[in-house]
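User: Got a minute to walk me through the charged pairs and a hairpin in this one? Here it is.

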Amino acid sequence: EESDSEHSGSDNSGSDSDSQPSGHGNRDTKDKQPKDKKQAASVSRDNLPSEKELLKLYSRHGSETFTRKKLKSVAARRLRTKLDRSTKENRQIIQETAAINSILNVEEAGFLQPEGPLEKTVQASQEFLKSSVDVQTARRASFRLDLSSTLLGPYKAKYAPNSNHVLLFGHRGHVSLMDWKQAKLGSELYLNETVRDGTFLHSENYFALAQRKYVYIYDNSGAELHCLRKHLNPTHLAFLPRHFLLASIAENGKISYTDTSSGEIVAELRTKCGTANDFTRNPYNSCIHVAHGNGTVSIWSPSVGESLAKVLCHKGAVHSVSVYPDGVHMATSGADSMVKIWDLRTWREVMSFQHFRPVTASSISQQGLLATVAGPHVEIWKLFGSGATSKVP
């Protein structure tokens, strides 16, 4: 309280407090607004990292900060003065950037964090979130898509590489392509045939569907372009964007790779483990991870005739498998209600936790958040980074 009163007194007396801002200047913003950028940059600088950590985090690429010892070694006076001035400006920019990031907390975006053990994130409704965000985000959240009345589900969703378009497809043949940010429908199909899986190709203009007997490729207008008859009875699809390969796995466990630029079959591999429960691509090296009913996960590449590795992950069947964006860790869930994280470099289990019921599907976001589906319940876990825990989602 004494420091606040002293600071307010110095502002009223007209002293040079603008050139030397205090760390508590943000408490008097209601009475008096900051006059220049230096005083505005002094907002919320408490609990900042050390100077070395700030230089490492927020330094510009190619810029160099000179210490007093380095400046003394410079013989030219003008050059020494110029380097000293640029160093002070760089440090000031770093402090301003750190203060802004500490206010906005931009590095921790993408999830809800409860303040205490009694608070549950399920209590945060959509109306509450709309009242807490900016106007543009709230306008996007006003769009609501209700597919429960169609009776053509269950539905699955796949996002395009640009993250602006989403492909929705129901099990009974209802397919729609839309721009979810602008809430615009691109195309809609009623195939009157079972659709088991789907995926976008190299852009949002083309997508593939694993239908009852074959794999079909469509464009963004809904026109059928190709029918891949060599992909018989497909259950899952995956696209390798760096290789332009479309991979599918059949009911008998055969993996087929097709070059989308030429339409030719590149490789056909047999897993010899029956129908796969899940089929996903490693975003780091484009290897295919297949979840089997015998508790193992196998990893495949089109250039190798056999599996690259097989990992015994669960005592029962493996329901889902997901790979983190860095390609280092793999998340699996099984019929034993366990969720396990594996290190793909050592093939060892990093962590595991018991779920209240078997997890049937899982997915990992670009920020490294793990989403698990167990019946009607969806939980999001942060298992790596600051604030990571495997006890509370």
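**Salt bridges and a hairpin**

Analyst: Starting with Arg345: this residue is exposed, with a relative accessible area of 61%. Keep in mind that the model is predicted.

User: What does Arg345 form a salt bridge with?

Analyst: Asp343. The closest N and O atoms are 3.1 Å apart.

User: And is Asp343 buried or exposed?

Analyst: Buried. Its relative accessibility is 11%, and the cut-off for buried is under 20%.

User: How many salt bridges in the whole structure?

Analyst: Four. One of them joins the side chains of Lys158 and Asp197, at 3.2 Å from N to O. That pair links distant parts of the chain: Lys158 is in strand E1, Asp197 in strand E5, and they are 39 residues apart.

User: What about Glu193, which side chain does it meet in a salt bridge?

Analyst: Arg212, at 3.8 Å from N to O. Glu193 sits in the loop between E4 and E5, and Arg212 in the loop between E6 and E7, so the pair ties together parts 19 residues apart in sequence. Arg212 is partly exposed, at 46%.

User: New topic. How do E9 and E10 pair?

Analyst: Antiparallel, over six bridges. Pro234 has Ala250 in E10 as its bridge partner.

User: What's in the turn of that hairpin?

Analyst: Four residues lie between E9 and E10. Phe244 in the turn has a positive phi of about 55°.

User: How many residues of E9 are buried?

Analyst: Seven of its seven, residues 234–240.

How values were computed: Residues are numbered from 1 along each chain as its sequence is written. This is a predicted model: local features need pLDDT of at least 70, side-chain atom pairs count only at pLDDT 80 or more; totals for chains, interfaces and linings use all residues. Side-chain values use heavy atoms; hydrogens and water are left out. Buried means under 20% relative accessible area, exposed over 50%, partly exposed in between (1.4 Å probe, protein chains only). Helices (H or I, at least four residues) and strands (E, at least two) are DSSP runs, numbered from the N terminus. Two strands pair if DSSP finds at least two bridges between them.
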